[in-house]
Amino acid sequence: MAGQTIQDRLLAARHSLAGQGLAKSVCKATTEELIGPKKKHLDYLIHCTNEPNVSIPQLANLLIERSQNASWVVVFKSLITVHHLMCYGNERFTQYLASSNSSFQLSNFLDKSSLQGPVGVRSGYDMSPFIRRYSKYLNEKALSYRTVAFDFCKVKRSKEDGVLRTMNSEKLLKTLPVLQSQLDALLEFDCSSADLTNGVINMAFMLLFRDLIRLFAGYNDSIINLLEKYFDMNKKQCRDALDLYKKFLIRMDRVGEFLKVAENVGIDKGEIPDLTKAPSSLLDALEQHLASIEGKK
C-alpha cells in the first residue's frame, strides 16, 4: 500500500470538483496509505472545528461514513481523526458526538482482505480486533461526556478548585463509575508492544496513552477526594465508596500493564506517572470503619 491509491485520488478529486473542502480534507486524512493521518490534514480539520460557518454535524458524519469503509486502514484512520478532534478540536465537536445518536457501529468489524501482507506488517485480520475495541472506547468517551457534561481528559485539576478534587460526596459517587467505565474501555484496547507494527495503530496507541495519563490523574484526584470524605459519609455512601476504592486498586494494576507497553515502545519515562500504591493498612481502616457503622443499630 504505497502512497495514495487511485481510489483515494478519485474520491478527493470528486469532492474538490463539488467544492466540498471539508469532505476532501476528511478523505485526505483517511487514505489507504499505511501511515497515521498527516499532521497538516488534522490541523486543518481542527481549524474547521473552530470555524463558526463549518457544520460540525457534517464533519462528524463524514468521518463516521468513512469508518464504514471496507479497508481497515481507512476505518482505523477515521477513528484516529475523530479521537484527535475530540482531544484537540473545539469542544462542540465532542458535544455533537455526545448529543447525537451517531456512534460507531463497528463491534463486528473484520477485514479479511489483507491476510497476505508484507513480512513484518500485521494484516487487516490482525488489526480488526483493535479497531473494534478502539471504536468502543470512542463511543464510551462520548457517552461519558453526555452523562457528566464535561471531558474527564480536559477537566480542571488542582487541590483548591479542581472539579473532581472538590466535588461533593453525592455527585462524586455518581461520577466515579462513569470515569471507571471510560477507563475500562480504554484499557480493553489491550495491545502488546508486538502489536504496534505500523504507523496507524501506533498513532492510536499514542492518543490512548495521552488520554490514559489524564484520565488516571482525574481518577486519582477523585479517589483522594473520596477518602477525605469517607469518614463523614452515611452507611450506604461508605459501602459504595469502599466498593469504588477496591475497584480503583484493581485498575491500578491494569493501568500499570498499559504503561509498561508504553515504556517498551520508547515513550519517555518522564511522561509515565509513578503508580505508588497506598499501604494495605488503609483498606483495613476503611473496612473497619464500615463494619463499625454497620454494627450500630
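1. Asp190 is located in the loop that connects α9 (169–187) with α10 (199–230). The model is a predicted one, and in it the phi angle of Asp190 is near 45°, a positive value in a residue other than glycine. Most residues other than glycine have a negative phi. Asp190 has a relative accessible area of 55% and is therefore exposed, the cut-off for that class being over 50%.

2. Ala149 belongs to the loop between α7 (124–148) and α8 (163–166). Its relative accessibility is 55%, so Ala149 likewise counts as exposed.

3. Helix α5 covers residues 72–88, 17 residues in number. From its first C-alpha to its last, α5 reaches 24 Å, close to the 24 Å expected at 1.5 Å a residue. How much of α5 is buried? Of its 17 residues, 16 are buried, and the helix is thus described as mostly covered.

4. The volume of the largest cavity is about 40 Å³.

5. The lining of the largest cavity consists of Gln4, Lys28, Thr31, Glu33, Ile35, Gly36, Pro37, Lys38, His41 and Lys77. By class, this lining comprises four charged, four polar and two nonpolar residues.

How values were computed:
Residues are numbered from 1 along each chain as its sequence is written. This is a predicted model: local features need pLDDT of at least 70, side-chain atom pairs count only at pLDDT 80 or more; totals for chains, interfaces and linings use all residues. Side-chain values use heavy atoms; hydrogens and water are left out. On a 1 Å grid over the protein atoms alone, a cavity is a set of points where a 1.4 Å probe fits but cannot get out, and a pocket is an open set with protein on both sides within 12 Å along at least five of seven lines; lining residues have an atom within 4 Å of a point. Grid points are joined across faces, edges and corners, and a volume is the space filled by probe spheres set on the points. Ala, Val, Leu, Ile, Met, Phe, Trp, Tyr, Cys and Pro count as nonpolar, Asp, Glu, Lys and Arg as charged, and the others, Gly among them, as polar. Helices (H or I, at least four residues) and strands (E, at least two) are DSSP runs, numbered from the N terminus. The expected span of a helix is 1.5 Å times one less than its number of residues. Buried means under 20% relative accessible area, exposed over 50%, partly exposed in between (1.4 Å probe, protein chains only).
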